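Biologist: I am new to this structure. Could you show me how to read it?

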Amino acid sequence: MTDLDQAAVLQTRVSRRRASRFQINGYFFFILPGVAFVLALTLFPALYGVYISLTNLNLGYVGSSFVGLDNYVRFFTWNDLGLVARNTLTFVATSVILQVVIGLAVAILLDQRLIGHRLMRSITILPWVLPSVVVGLVFAQIFGGSRLGIANYLLSLVGIGQMSWFADPALAMAILIGVCTWRGIPFAVIVLLGGLQTLPRDVYEAAAIDGATRWQRFRYITLPMLRPIILICLIMGTGGALNSLDIPLALTGGGPGNATELIAISLYKQSFLQLDISYGATIGTVMLVANLVLIVLYLSVLKPRRRAERG
Amino acid sequence: MLSRIGTIAVAAAFAASPLWIVGQAAALELNVFVPAAYSPSSGFIPGADVFKKLYAEFQKQNPDITLNYEVLDPGPAGLQKLLTVAASNGLPDVTIVDGQWIARLVQSNVLQPLDAVWPESDRADFHPAVIEAETIDGKPFGIMFQTGMRGLVYRPSMLASAGLTEFPATFDAFMAAGKTLKDKGISAEMVPAKANEEPSTMHMLSIFWGLGGKLVDEKGAPVFFEGDNGKYLADVYQMYRDMAAAGVMPASVTTMDENGLKPFFYGGETLAIGFSSSGVKQMWSEMPDLANDLAVAPYPMPEGEKPVTILGGFAYALTAKDPERAAAGWKFIQFMTSPKNMGEVNEVLGALPVRNSIWKDNTFFATNPMMQSYKRMYDGEMQTRPAVPIYNTISSAISAQLAGVISGQVKPVDAVAAARDAVMPEYERQKGR
């Protein structure tokens, strides 16, 4: 290659690099409105919330001033923090694990392509398309304590007496978890079914030829290969359950007393019933940190998968 | 020929359009914030119809004003919205406010005083307690157009079937009757006792005030736990506990708001429910046989005591500062609160009037036995909830203890102490502002 040729190649590379940089800049220009929109609607409110949590803004009073970390001290010394944290942990852990376990079982069934599997898939998704407030109100009617409540009516048909479903703290929490699990299963099914359908069939065939039982194939092939998807389901489900307000508020409202009060309900009560915006923002900031931890977890789960995909 | 007609029509339309534009420009757009229940958007169809009719009538009488209404949440979120729009200069010209919000809104200069425009002669038609509830520093800041009263709503036919001729007035007599009803599988009473729900506290307050209790002192400091006040509050808790322990009231009320009690009442599972007068018309429409079989009784009290009725309701208030807009706003308020229109709204919604003339002249309120029962309560002692910012915290703290007390896990005196412990740190925190 002559010097001239080398210069030409170099020139081409430089112009390609320039073009690529221009392309990046061009793309950036096009995505800028979207980025600005997202930042305005997420980052700004989040940072503003953090700022408010450092003030004593309460709509019952005129004006507000900077109070430093007072609201955080108040939160971490709050008498009911233990109860609310325990309720939230019980609710989140139980409903998410149930969603994933039942969701996986349903996904495996739907993956078998049995007769009517398309219809079953549509039916499975139904709870997910219902507005969650409607779900909460419908189940509140079902478990209404009077004899006009649907569950009590059904029990009366088999000779069982009337029950006050939401009066017992443990039963109220169990119903809350059950309803949220019911609502969350379709999401787990969709994600896990998608994951199951990407698994290579030849591995299963090879295992079958080697004499592996169904359980062994599930235990040693499906579960390990589906692990990242299951983790994503767990993390997203945890985020959803942690921030869940609509169903718990419509169903139990945190009652009886505050036996089923979750952190999101506390935030709502402080901000919108007590009008203590700063304290509500403090609870919101703590939840934001919890959500950020989940996002970090989510990204760290995805990372090895991306690397593996890149080869 | 046709094309010529078309051309003339288009030319005429163009020629007339400046007139139309001028007409539109001249009309003042009056912006009003109203809770859905008191607007043409009401879910209660007869209510929606009456507001549609009145708004149309106002428009007809005032072609120079175009009425725009926006729905406002009747709960604390409504107050929040008003304060937020005030901060961003987006206030409407007129708004309906809960009487409890008036003091806070006046503090933030959201409401305009009505003393200069509201004639004394018209004010004289209102119950003095109503005027007092809306007055700050001698100036009225709203015109209440209805009040809700809470009491025990029951079916006289059910009372008769239990062998009673009249609703027990004393707590002891009520407990005795309740035990008889219990043997028949019927609870005597259900009152809402859900934590952090304002109506839960309101039902308690009538008894607490009737016993002589005070929530706050003259300076607005919480005193509900001190001395006699603390004892009276513990007595109220004890009454709730006694009813639950004797099976006169089911413990499950701790999970219910007022609407949650209705199925028990409709299904004949309870003799009486703690309910607001505002929902009576809705009850009649949901269960027509109640139209002639519904009555209200004050809360049974210890011997020699009488409950105090809570006075509270929604009021029209002026927010416009600009003289032209304020004049238009006042026209609208005057129209909606005139005896005729206010009476019509009150009758359709079943909301209790606050004008003496409506109680006297409106056939429904003057003759309906249920309404007359409310009138007797209205003529008795009435009190408004203290319009101090700490009230929300007090109310929440008092109702939060009900579940523990009713289930027997918390003693009444401990519940009073717990309510105090929930309120005082917040009061101390806010006192220094």
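Modeller: Gladly! Let's start with a definition: buried area is the accessible area (1.4 Å probe) that two parts lose on being put together, summed over both. This is a predicted model, where local features need pLDDT of at least 70, side-chain atom pairs count only at pLDDT 80 or more, and totals for chains, interfaces and linings use all residues. Residues are numbered from 1 along each chain as its sequence is written, chains are lettered from A and ligands numbered from 1 in written order, and side-chain values use heavy atoms, without hydrogens and water.

Biologist: How much area do chain A and chain B bury between them?

Modeller: About 2,400 Å², with 53% of it on carbon and sulfur atoms. On the chain A side, A:Leu59, A:Tyr61 and A:Gln274 lose the most area to chain B, together 24% of what that side buries.

Biologist: How many residues does each chain bring to the contact?

Modeller: Contact means heavy atoms within 4.5 Å. By that rule, chain A brings 28 residues and chain B 29 residues.

Biologist: Which residue forms a salt bridge with B:Glu426?

Modeller: A salt bridge is a side-chain nitrogen of Lys or Arg within 4 Å of a carboxyl oxygen of Asp or Glu. Here the partner is A:Arg74, and the closest N and O atoms are 3.3 Å apart. The rule finds 1 salt bridge across this interface of chain A and chain B.

Biologist: And in what order do the strands of the open sheet in chain B run?

Modeller: Strands are DSSP runs (E, at least two residues), numbered from the N terminus, and two strands pair if DSSP finds at least two bridges between them. The order of the 5 strands is β2-β1-β3-β12-β6 in chain B, with mixed pairing. At the edges, β2 (65-71) and β6 (143-144) of chain B each pair on one side only.

Note on methods:
Helices (H or I, at least four residues) and strands (E, at least two) are DSSP runs, numbered from the N terminus.
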